[in-house]
Amino acid sequence: MQKIIEALKNNGIVLMPTDTTFGLSALAFEPEAFTKLRGIKKRDPKKTFLLLVASEAQLQRLVNVSDLAWDIMDYSEKPVTLIYDDILEVPDYLLSPEGSIGIRLTRDQNLIKIIQKVGQPLLSTSANLSGQASPKQFEEISEEIKKGVDYIAAEAPLFTPKYESSSIISLSKTGEIKVLRA
């Protein structure tokens with residue numbers, strides 16, 4: 001875990017298991033890391049990355065969290081990413097063109113420890129080039145991705161994802177709810 005933290009603190013991109021699948025992670029509040037991650041992923045500039053947070057308090061510093069959002073997080077059986085548009089403290093470069101951001105409150109203990117040790121949320125995205133399927137096994141991760149990252153977590157080759165992805169639900173401050181991915 002120490003090597004993951006060192007790589008992240010040096011604005012590096014880490015390929016590691018997440019609470020869903022193989023992920024590419026970087027420090028959220030470092031524009032250099034954001035740009036680097038976008039390049040590795042070959043991501044359209046109009047598409048954003050989600051944030052992983054370690055605690056309810058960390059989430060509440062970033063966005064206004066409705067009672068409905070808490071209920072969805074509490075009752076969801078699989079990891080759920082919520083799209084918020086009632087932003088409190090998120091750098092503009094992390095927001096979508098519509099001014100929203102996807103955030104997942106992780107329950108994964110390793111991710112929680114990493115986020116706590118780096119002192120900020122993580123940018124997170126699946127470990128594939130944009131437009132390609134998420135890998136189900138380490139061997140399916142492209143060599144281009146593996147060569148582009150700064151560190152590959154030791155446990156990554158042995159990891160078996162529980163989920164292909166998280167559920168994604170958009171919650172507007174006006175009360176509108178849209179399930180974008182179940």
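In which loop does K42 lie? K42 is found in the loop between α2 (31–41) and β3, where helices (H or I, at least four residues) and strands (E, at least two) are DSSP runs numbered from the N terminus. The phi of K42 is near 60°, a positive value in a residue other than glycine. Most residues other than glycine have a negative phi.

The structure is a predicted model, in which local features need pLDDT of at least 70 and side-chain atom pairs count only at pLDDT 80 or more, while totals for chains, interfaces and linings use all residues. Residues are numbered from 1 along each chain as its sequence is written, and side-chain values use heavy atoms, with hydrogens and water left out.

The strands form an open sheet of nine, in the order β7-β1-β2-β6-β3-β5-β4-β8-β9, with mixed pairing. Two strands are said to pair if DSSP finds at least two bridges between them. The edge strands are β7 and β9, each of which pairs on one side only. Strands of a sheet pair through backbone hydrogen bonds, either parallel or antiparallel.

Both senses of pairing are found at β5 (residues 101–105). With β3 (residues 50–53), β5 pairs in the parallel sense over three bridges. In this pairing V53 has L105 of β5 as its bridge partner, and L52 stands opposite R104. With β4 (residues 80–84), β5 pairs in the antiparallel sense, again over three bridges; here G102 of β5 is the bridge partner of I83.

Strand β5 is also mostly covered, with five of its five residues buried; buried means under 20% relative accessible area, exposed over 50%, and partly exposed in between (1.4 Å probe, protein chains only). In a regular strand the side chains alternate between the two faces of the sheet. On one side of β5 the buried residues are I101, I103 and L105, and on the other they are G102 and R104.

In α1 (residues 2–9), the buried residues are I4, I5, A7 and L8. They cover an arc of only 165° around the axis, which puts them on the same side of α1; the arc is that of the directions from the helix axis to the C-beta atoms. An α-helix has 3.6 residues a turn, so residues three or four places apart point the same way. The buried residues of α1 pack against β1 (14–17), β2 (22–27), α5 (109–118), β6 (122–126) and β7 (151–152), contact being heavy atoms within 4.5 Å.

Helix α1 is followed by N11, which lies in the loop between α1 and β1. N11 has a positive phi of about 60° although it is not a glycine. With a relative accessible area of 13%, N11 is buried.

In α5, the buried residues are L111, I112, I114, I115 and V118. They cover an arc of only 165° around the axis, and are therefore on the same side of α5. The face turned away from this buried side carries the exposed residues Q109 and Q116. The elements that cover the buried residues of α5 include α1, β1, β2, β3, α3 (56–62) and β6.

Helix α3 contains Q58. Q58 counts as buried because its relative accessibility is 8%. Apart from neighbours within four places in sequence, Q58 is in contact with V53, I115, Q120 and P121.

Lining residues have an atom within 4 Å of a point. Grid points are joined across faces, edges and corners, and a volume is the space filled by probe spheres set on the points.

The largest pocket holds about 1,000 Å³ of space. Its lining has 44 residues, of which R43, T48, I83, I168 and R181 lie nearest its centre. At least two lining residues are supplied by each of β2, β4, β5, β6, β8 (167–171) and β9 (177–181). The largest share, four residues, comes from β9. The lining divides into eleven nonpolar, 21 polar and twelve charged residues; Ala, Val, Leu, Ile, Met, Phe, Trp, Tyr, Cys and Pro count as nonpolar, Asp, Glu, Lys and Arg as charged, and the others, Gly among them, as polar.

Conventions. On a 1 Å grid over the protein atoms alone, a cavity is a set of points where a 1.4 Å probe fits but cannot get out, and a pocket is an open set with protein on both sides within 12 Å along at least five of seven lines; lining residues have an atom within 4 Å of a point.
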